[in-house]
Amino acid sequence: MSARRAVRDAKGDSVATIVARSRVDNAKIALGERGPVWWDDGKPDFNRHLVENTPYADWFASL
């Protein structure tokens, strides 16, 4: 969160903004939010699909 606060605090200073955004990017990569997939289980990825177009449609409809 300190990196995100640094982005907020750097408004108006383009160099500080670039440095702060780089820190945020590095933190997200370290947390696994960005970068190469590390959880590959061999199953299809249904991210960015409507639930009704996935194998989970019946389950979702039952909620």
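**Exercise 1. Salt bridges**

*Solution.* Start with the rule: a salt bridge is a side-chain nitrogen of Lys or Arg within 4 Å of a carboxyl oxygen of Asp or Glu. The model you are looking at is predicted, so local features need pLDDT of at least 70 and side-chain atom pairs count only at pLDDT 80 or more, while totals for chains, interfaces and linings use all residues. Residues are numbered from 1 along each chain as its sequence is written, and side-chain values use heavy atoms, leaving out hydrogens and water.

Step 1: Arg 8 pairs with Asp 9, at 3.0 Å from N to O. Arg 8 is exposed because its relative accessibility is 51%, and Asp 9 is exposed at 54%.

Step 2: Arg 34 meets Asp 25 at 2.8 Å, N to O. Arg 34 has 39% and so counts as partly exposed; Asp 25, with 27%, is partly exposed too.

Step 3: Lys 28 joins Glu 33, with the closest N and O atoms 3.6 Å apart. Glu 33 is exposed, at 52%.

**Exercise 2. Helix α2**

Check the length of helix α2 (residues 14-31), then sort its residues by side.

*Solution.* Helices are DSSP runs of H or I with at least four residues, numbered from the N terminus.

Step 1: the expected span is 1.5 Å times one less than the number of residues. For the 18 residues of α2 that gives 26 Å, which agrees with the 26 Å between its end C-alpha atoms.

Step 2: Thr 17, Ala 20 and Val 24 of α2 are buried. They sit on the same side of α2 because they cover an arc of only 70 degrees around the axis (taken from the directions from the helix axis to the C-beta atoms). On the other side, Val 15, Ile 18 and Ala 30 are exposed.

Step 3: the buried residues of α2 pack against α1 (contact means heavy atoms within 4.5 Å). Arg 8 from the first exercise lies in α1, residues 2-9.

**Exercise 3. A distance**

How far apart are Arg 8 and Ser 22 in sequence and in space?

*Solution.* Along the sequence, Arg 8 and Ser 22 are 14 residues apart; from C-alpha to C-alpha, the distance is 13 Å.

Key. Buried < 20%, exposed > 50% of the residue type's maximum accessible area, 1.4 Å probe, protein only. Helix = DSSP H or I, 4+ residues; strand = E, 2+ residues; numbered from the N terminus.
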